[in-house]
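Open the model in your viewer and keep the selection panel at hand. The stops below go one selection at a time.

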Amino acid sequence: MPELPEVETTCCGIAPHITGKVVKSVTLRHRQLRWPIPAVLKRRLPGQRIEQVSRRGKYLFLHTAIGTVIIHLGMSGSLRIAQKKDIVEKHDHVDIEFSDKCILRLRDPRRFGAVLWTQHPPTQHKLIRSLGPEPLSDDFTVEGLFQTSRKRQLAVKTFIMDSKIVVGVGNIYASEALFRAGIRPSTAAGRVSKLRYQRLVSAIKAVLSEAIKQGGTTLRDFTNSDDKPGYFQQKLQVYGRDKQPCVICGAAIKRMQQGQRTTYYCSHCQR
Ligand SMILES: [Zn+2]
């Protein structure tokens with residue numbers, strides 16, 4: 001599943017290819033994604049210039065003078081820069097073609113992604129306005145996280161994965177950050193001290209920055225149509241390593257179920 005680092009890398013990867021360009025046409029081959037793609041897109045977007053490409057959480061925004069295209073990659077979506085000669089594959093559901101014939105193409109085999117249109121500021125959209133702070137921004141603070149967590153009984157891992165608390169901390173990054181911070185994932189969020197939240201905030205910022213940095217160096221060329229979506233895996237210290245030795249103490253990494261999610265942790269280093 002594309003996580004925040006992949007979406008950030010996609011944002012940086014496609015922006016230079018489409019920013020400033022004028023949309024020539026929109027092709028919707030399969031409108032039924034997570035929600036139906038609004039048909040109005042085909043009428044409104046042609047003739048509009050992409051003024052900016054930006055990201056909020058895992059949502060990508062293509063800004064124009066009259067509105068914004070909101071894209072979410074869902075479980076399996078990917079964006080690429082295609083050319084007219086490139087073969088359209090089975091799961092290539094949306095094309096936005098520009099006047100220089102370059103095409104922004106959305107592929108989404110599982111169709112849990114979304115392509116939406118809004119004439120209002122996209123940050124006010126109902127899917128987006130209640131999102132928590134960006135983890136790599138100064139808005140994501142120890143004090144904020146600590147205060148919000150008081151009296152919360154739910155597990156700290158579930159707490160930091162809630163996009164209303166902070167966006168973009170998926171299962172892998174939550175597991176890794178809790179390991180680095182030495183916090184047991186099942187501990188009640190309200191019982192974690194401020195000092196430990198300080199370590200956790202630093203760890204979340206670090207794991208996400210490292211993944212984005214790695215994405216910048218290892219990710220596919222966005223113009224290569226043969227490429228796989230190119231989600232990247234950084235060196236993981238606990239995630240997916242059950243029964244293997246902890247990199248710090250050598251004890252066997254454990255796994256447990258938390259809700260629908262599998263959690264990996266070291267019972268010696270994380271308390
Ligand atoms: Zn350990």
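The tour starts with the overall layout and then moves from stop to stop.

**Before you click.** This is a predicted model, in which local features need pLDDT of at least 70, side-chain atom pairs count only at pLDDT 80 or more, and totals for chains, interfaces and linings use all residues. Residues are numbered from 1 along each chain as its sequence is written, and side-chain values use heavy atoms, with hydrogens and water left out.

**Stop 1: the domains.** Colour 4–124 as domain 1 and 142–265 as domain 2. These bounds come from an automatic or database domain assignment. The C-alpha centres of the two domains lie 29 Å apart.

**Stop 2: the zinc ion.** Select the zinc ion with C246, C249, C266 and C269. Each cysteine coordinates through SG, at 2.2 to 2.4 Å. Donors here are N, O and S atoms within 2.8 Å of the metal (3.2 Å for Na, K and Ca); water is not among the atoms, so sites may look incomplete. The donor angles run from 100 to 114°, so the arrangement is tetrahedral (four donors, all angles between 85 and 135 degrees). Along the chain the donors are spaced C-x2-C-x16-C-x2-C. C246 sits in the loop between α6 (194–218) and β9 (254–258), and C269 in the segment after β10 (261–265), so this pair ties together parts 23 residues apart in sequence. Helices (H or I, at least four residues) and strands (E, at least two) are DSSP runs, numbered from the N terminus.

Is C246 buried or exposed? C246 is buried, at 5% relative accessible area. C269 is partly exposed, at 22%. Buried means under 20% relative accessible area, exposed over 50%, and partly exposed in between (1.4 Å probe, protein chains only).

**Stop 3: helix α5.** Select 171–181. How many of its 11 residues are buried? The count is 10, so the helix is mostly covered. Among the buried residues are I172, Y173, L178 and F179. Step on to G182, which follows α5 and has a positive phi, near 70°.

**Stop 4: L45.** L45 lies in the loop between α2 (40–44) and β2 (52–56). Its relative accessibility is 0%, so L45 counts as buried. Now draw a distance to G215, 170 residues away along the chain: the C-alpha atoms are separated by 30 Å.

**Stop 5: M1.** Finish in the segment before α1 (4–18), where M1 lies. M1 is partly exposed, with a relative accessible area of 44%.

Terms used
Four donors count as tetrahedral if all angles lie between 85 and 135 degrees; four count as square planar and six as octahedral if opposite donors are over 155 degrees apart and all others between 65 and 115; anything else is irregular.
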